[in-house]
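Hi,

Here is the structure I promised to pass on. Have a look at it first, and then read my notes below.

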Amino acid sequence: MKRKAAISALFFFASALVVAAAPPPPKFNVLFIVSDDLNCDLGCYGAKEMRTPNIDRLAARGVRFAHAYCQYPLCSPSRASFLTGRRPNVTGVLLLPTAKEPVSPHFRQFIPATVTLPQLFKNDGAFSARVGKMYHYGVPSQIGTGGLDDPLSWTQTINPRGRDCDEENLITKMHPGKFGDTLSWLAADGEDTEQTDGIGATDAIELLEKFQREHRRFFLGVGFYRPHTPYVAPKKWFGLYPTSQIELPKLSADDKTRTPALAYISSRKGQDETTDDLRRDAIQAYHAATSFVDAQVGRVVDALDRLGLAKNTIIVFTSDHGYHLGDHGLWQKYSLFERSTRVPLIIALPNGLNAGKTAGGLVEMVDIYPTLAALCGLAAPGYLDGTDLRPMLENPEATLKDAAFSQLERGNIDGYSVRTDRWRYTEWLVEGRQTAEVLFDETNDPAETKDLVHESAEAALVAKLRERLELIVPAKKSEKPLAAR
């Protein structure tokens, strides 16, 4: 017995020494790619009509998250949220710049000492670079100028500007108005490399070449502008999507009457006064711009491989929010329906762990920050609102969350939405008082055609989900950090 005890003790101490001597996680590079206004209309997400071979290839070498959700379906608030790892009520960024107010609140007005995701890498000695749109730029005229940014986040910034910024007179507009407020598009002359995103891809490749030459650890954020309106892409991409093959979305009875009205709060409404032909033209252009961006993603990732950097680089691909293309009679974003809040998210690890697998559990964009920090062996701030997704990368069948939250506001109207594995419940408040609510069964009715909120059989469920939302609604009223989940 004494001999066995001695052996056990020896084994215990040897194990402790092994654990103590275990090397820290490697400090990987990060290639962080964000496509502006991109929904899940991608081949790897089941959209058979789409031609996105490069993003599909990226999904085949990484883990694709099937149910990832933004915290605010609008550019500036969403980007401020996922780059700080905080929810919109904490960042204070709940507005979008307009011509009258060209600068929205900056998150450092509310959380001045916060350490952003790229800043975390920069503070640890990595070269932190931005090409294109990462934080929001402001009004369209600021494209190519840097617009709204966060200097503390970056070692270097590059603001590409292509011919698409100077061909305004050639762009077709569905309605009068600025490009961010109306559907507009252009089948452009010239090559990909003459467009802003083509130039941005070239800039990103040159930075990767620099990092390889200088043996620099890096965080490289590459922000593509498309398919954000105006949907501009060289003509060859439009040819992939003949308008004769585009089917317009079918509208439910609630969609046609916009019931309840607050659920259809988006200012990018259904363009009722236009024609089906113009709607098809707009969808064709959006898809063309998506395929154009896909090609630029491919250029950057191919360069990473060519330079031998992929063996030590985590690749993240995502968007800032989803996008409507006539579904629910809505266009663009800024609603709390599924198409507006759901985003593509792919994380590819250098070792190819679970390459090509799909993670079906709920995730939020605030989860990206703590995940990358943990993967790269960096100490993330304790105040982050997200969850480390490493367990899902290690086992894509794992579930870490029972709900994902999104919100928006317009003046005195606030909307809050909770998405569970099956349900989406949304409530609308006017001056703090609940005025409308909706409930959709996302498993059996993914097109959200039937609002079940007033069905007596679902009364207990509605009460439970309403209570679930109280985790985030009080935070807006008190302006205190959100409750941890």
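Please keep in mind that this is a predicted model. I'll start with helix α9 (residues 276–306), which lies across β6 and β8 and runs at about 60 degrees to β8. Those two strands belong to an open, three-stranded sheet with mixed pairing, in the order β5-β6-β8. Its edge strands, β5 (172–173) and β8 (231–234), each pair on one side only. Strands β5 and β6 (residues 184–188) run antiparallel and are joined by two bridges; T172 has W185 as its bridge partner in β6.

Next, the backbone. Most residues other than glycine have a negative phi, and most peptide bonds are trans.

- R226 to P227 is a cis peptide bond, with omega near 10 degrees; P227 sits in strand β7 (residues 218–227).
- T229 and P230 are also joined by a cis peptide bond, with omega about 0 degrees; P230 is in the loop between β7 and β8.
- H328 has a positive phi, near 60 degrees. This histidine lies in the loop between β10 (324–325) and β11 (331–332) and is buried, at 4% relative accessibility.
- E448 has a positive phi of about 55 degrees. This residue is in the loop between β17 (433–441) and α13 (459–469) and is buried at 3% relative accessibility.

Finally, how many disulfides does a search of the whole structure find? The count is zero. For C44, the closest cysteine sulfur is that of C40, 8.5 Å away, so the two are too far apart for a bond. C44 is buried, at 16% relative accessible area, and C70 is buried too, at 0%.

Best wishes

Definitions and conventions:
Residues numbered from 1 in each chain as written. Predicted model: local features only at pLDDT ≥ 70, side-chain atom pairs only at ≥ 80, totals over all residues. Heavy atoms only, no water. Pairing = 2+ DSSP bridges. Contact = heavy atoms within 4.5 Å. Axes fitted to C-alpha atoms, helices over the stretch in contact; angles between N-to-C directions. Disulfide = S-S within 2.5 Å. Buried < 20%, exposed > 50% of the residue type's maximum accessible area, 1.4 Å probe, protein only.
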